[in-house]
Amino acid sequence: MHVCALMGSPRKDGNTNMLLKPFLAELDRKGCGHDLFWLHDLSIEPCIACRSCQEDWSVFGCPVEDDLQAIFDSILASDLIVLATPIYSFFCTPPMKAVLDRLVYGMNKYYGDKKGPSLWAGKRVAIITTCGYKPEKGADLFEEGVKRYCKHSQLRYAGMLAERHLGYDTVFWSEDKGERATAFAAGLVGV
């Protein structure tokens with residue numbers, strides 16, 4: 001199994017990466033390969049809905065010259081896509097949103113003169129996230145958005161690991177969070 005992990009956090013020592021590290025370590029232990037993209041380190045422009053990507057149904061086809069082509073290539077080579085992002089204002093970070101917007105057009109050839117295929121149909125998508133509220137009130141809107149995104153794109157939603165941080169004056173990390181991240185990875189590999 002191969003995994004494409006998209007990291008939307010701007011902080012490499014942040015809470016979301018603390019969850020992603022044991023998750024990826026478990027994938028390594030299970031013999032899975034993975035690509036990790038730090039979205040804040042990349043040049044990713046927003047989608048302008050030009051629909052140029054709809055002209056050729058065999059390629060991503062976006063005319064914007066930035067770093068998204070490498071993500072596209074990794075996704076096509078992967079079985080699972082992991083969206084790792086902190087929740088800011090009840091949704092993912094801006095670079096994650098830009099990636100999702102560009103992929104929904106470039107991967108789904110639904111928007112041209114004729115309806116074409118979904119290039120990533122059947123791939124699984126999982127979420128790893130951190131938020132300030134209880135996850136059912138902090139990450140629920142993003143999760144629902146991803147579920148709808150998956151349905152629209154013919155992807156399979158695989159679940160979410162969401163952990164709460166009670167504030168900057170508290171410690172986020174605990175062993176049980178690491179254990180849940182490891183178990184989440186093991187469960188996704190076992191499917």
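**Cysteines and core**

Reply: Cysteine 131 counts as buried, at 5% relative accessibility, where buried means under 20% relative accessible area with a 1.4 Å probe and protein chains only. This is a predicted model, in which local features need pLDDT of at least 70, side-chain atom pairs count only at pLDDT 80 or more, and totals for chains, interfaces and linings use all residues. Residues are numbered from 1 along each chain as its sequence is written, and side-chain values use heavy atoms, with hydrogens and water left out.

Me: How many disulfides are there?

Reply: The structure holds zero disulfides, a disulfide being a pair of cysteine sulfur atoms within 2.5 Å. Cysteine 53 has its nearest cysteine sulfur, that of cysteine 50, 6.3 Å away, while for cysteine 131 the nearest, that of cysteine 92, is 13 Å away.

Me: Is cysteine 53 buried or exposed?

Reply: Cysteine 53 is buried, with a relative accessible area of 6%.

Me: New topic: which residues touch the most other members of the largest nonpolar core?

Reply: They are Leu6, Ile71 and Leu83, in a core of 32 residues; such a core is a set of buried Ala, Val, Leu, Ile, Met, Phe, Trp, Tyr and Cys residues joined through side-chain atoms within 4.5 Å. Helix H3 (94-107) gives the largest share of this core, seven residues, with helices being DSSP runs of H or I, at least four residues, numbered from the N terminus.

Me: And what does isoleucine 71 touch?

Reply: Not counting residues up to four places away in sequence, isoleucine 71 touches Leu6, Phe37, Leu39, Leu42, Ile44 and Val99, where contact means heavy atoms within 4.5 Å.

Methods. Buried means under 20% relative accessible area, exposed over 50%, partly exposed in between (1.4 Å probe, protein chains only). Helices (H or I, at least four residues) and strands (E, at least two) are DSSP runs, numbered from the N terminus.
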